[in-house]
Amino acid sequence: MPDAEIAILKEWVKGGAPWPDDGAIAKGPNDKFDLHARAKAHWSFQPIKRPAVPPKGNSNPIDAFLLAKLEASGLSFAPPAEKRVLLRRVYFDLIGIPPTPAEIEAFLKDDFTTGL
């Protein structure tokens, strides 16, 4: 620690080492700042509440919240992707390379339902 900082600490200790909570420190221009009141008002200290699900949306409540936010901005969901496009997106996102022609063909022949 630099000598100047050590000297400051020594002076503080010689002065009784006053702490802000004990009232020994003179109030300055920020004397109206109330940390406890601000902490109580902060979102992270609020009780957890279950918001009402917006009326529009799919069976998934998360989609209803997303759709409400999008519509407020004049937007909507993109249409569902075709199977070929969906497969390419998944491959690039997960492994960084496109699917092989054989993988595309197998995926297109699979008649599973995606729920999209």
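What share of the contacts in the protein chain with a separation of 6 or more comes from residues 24 or more positions apart? The share is 17%.

## Overview

This is a predicted model. The protein chain has five helices and zero strands. Read from the N terminus, its elements run α-α-α-α-α.

The protein chain holds 116 residues, and buried residues make up 7% of them. Among the buried residues is Leu67, described below.

## Helix α1

Helix α1 covers residues 3-14. It has twelve residues, which at 1.5 Å a residue should span 16 Å.

How many of the twelve residues of α1 are buried? The number is zero, so α1 lies largely in the open. After α1 comes Gly16. The phi of Gly16 is positive, near 100°.

## Leu67 in helix α3

Helix α3 spans residues 61-72, and Leu67 is found in it. Is Leu67 buried or exposed? Leu67 has a relative accessible area of 13%. Buried means under 20%, so Leu67 counts as buried.

Leu67 can also be placed relative to Lys56. In sequence, Leu67 and Lys56 are eleven residues apart. In space, the C-alpha atoms of Leu67 and Lys56 are 7.4 Å apart.

## Helix α4

Helix α4 takes in residues 83-94. Its twelve residues should span 16 Å at 1.5 Å a residue. The end C-alpha atoms of α4 are 16 Å apart, which agrees.

## How α4 packs against α5

Two packed helices are described by the angle between their axes and the distance between the axes. Here the partners are α4 and helix α5, residues 101-109. They pack at an angle of about 130°. Their axes are 10 Å apart. Angles of 65 to 115 degrees count as roughly perpendicular and those over 145 as roughly antiparallel, so this angle makes α4 oblique to α5. The crossing of α4 past α5 is right-handed.

Which residues make the contact? From α4 come Lys83, Arg84, Leu87 and Tyr91. From α5 come Glu103, Ile104, Phe107 and Leu108. By class, the contact of α4 with α5 has five nonpolar residues and three charged ones. It has no polar residues.

Terms used:
Residues numbered from 1 in each chain as written. Predicted model: local features only at pLDDT ≥ 70, side-chain atom pairs only at ≥ 80, totals over all residues. Heavy atoms only, no water. Axes fitted to C-alpha atoms, helices over the stretch in contact; angles between N-to-C directions. Helix = DSSP H or I, 4+ residues; strand = E, 2+ residues; numbered from the N terminus. Parallel < 35°, antiparallel > 145°, perpendicular 65-115°, else oblique. Left-handed = near helix turned anticlockwise from the far one by under 90°. Contact = heavy atoms within 4.5 Å. Nonpolar A, V, L, I, M, F, W, Y, C, P; charged D, E, K, R; others polar. Expected span 1.5 Å × (residues − 1). Buried < 20%, exposed > 50% of the residue type's maximum accessible area, 1.4 Å probe, protein only.
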